[in-house]
Amino acid sequence: MKNPPALDQLIAALKVLPGVGPKTAQRMAFHLLQRDKSGADKLARALDRALTRLTHCERCNTFSETPLCSICADPERRPDQLCVVEMPADLMTLEQAKCYQGLYFVLMGRISPLDNIGPKDVNLDKLMVRALDDVVEEVVIATNFTAEGEVTAHMIAELLKERGPKVSRIARGMPVGGELEYVDLSTLAQAVYERKSLTPPADPSAQPG
């Protein structure tokens, strides 16, 4: 017996969610249709609203309903510090940790050669414009301590090398392979406070010509 086409379409749509396989998607679909139609309606409306209203902040690239997100529009934030994270969830986790008062840039991904995701796919060109605006004095790299996050951090550090702002990396209080979104807030805060400089020290033997 075949499922009705509308049911198959719903199951296929639910399978796009991370960690959701065919059986889980089928259970979700049956639950929404049989036991929680109001929840299904609320989900459909919320998705429609998000897809219609959300865009990217012009400065930090996170999701926003306005040209500038609430953080970029906040005059109390430090404009001389720019923290680079992979995803909006990482930004939210740092905000919850209350350990950082500067501004952000959200890459919306990370470099992953195995997945054919390169620098252009994670907005590094836009990051360079933002970081080299003559206002930013320190770029804090807070990509995850995964293989892909480390490659991304190295690429950013190399692009910014000797180009103006100091470059630092959150400390390795973070577990190897760990992702910011899942780390407890006190560990994350300590990693930010103890961040390490990636900017080479000035050569004391160099004399101005």
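These questions and answers walk through a predicted model of a protein chain.

Me: Which residues of helix α1 are buried?
Reply: Helix α1 covers residues 5–14. Buried means under 20% relative accessible area. The residues of α1 that are buried are Leu7, Ile11 and Leu14.

Me: Why do the buried residues of α1 line one face of the helix?
Reply: Look down the axis of α1. The buried residues line one face because they fall within an arc of 65 degrees.

Me: Which exposed residues does α1 carry on the face turned away from its buried side?
Reply: Exposed means over 50% relative accessible area. On the face of α1 turned away from the buried side, the exposed residues are Pro5, Ala6 and Gln9.

Me: What do the buried residues of α1 pack against?
Reply: Leu7, Ile11 and Leu14 are the buried residues of α1. Their packing partner spans residues 22–34. That partner is α2.

Me: Which helix gives the largest share of the lining of the largest pocket?
Reply: The largest pocket holds about 300 Å³ of space. α1, α2 and α3 each supply at least two lining residues. The largest share is 4 residues, and it comes from α3.

Me: How many residues of the lining of the largest pocket are nonpolar?
Reply: The lining includes Leu10, Val16, Met28 and Ala40. No polar and no charged residues are found in the lining. The nonpolar count is 12.

Me: What distance separates the centres of domain 1 and domain 2?
Reply: Domain 1 covers 8–53, and domain 2 covers 69–176 + 184–193. The centres are taken over C-alpha atoms. The separation is 32 Å.

Conventions: Residues numbered from 1 in each chain as written. Predicted model: local features only at pLDDT ≥ 70, side-chain atom pairs only at ≥ 80, totals over all residues. Heavy atoms only, no water. Buried < 20%, exposed > 50% of the residue type's maximum accessible area, 1.4 Å probe, protein only. Arc of directions from axis to C-beta. Contact = heavy atoms within 4.5 Å. 1 Å grid on protein atoms, 1.4 Å probe; cavity = no way out; pocket = protein on both sides within 12 Å on 5 of 7 lines; lining within 4 Å. Points joined across faces, edges and corners; volume = space filled by probe spheres on them. Nonpolar A, V, L, I, M, F, W, Y, C, P; charged D, E, K, R; others polar. Domains from an automatic or database assignment.
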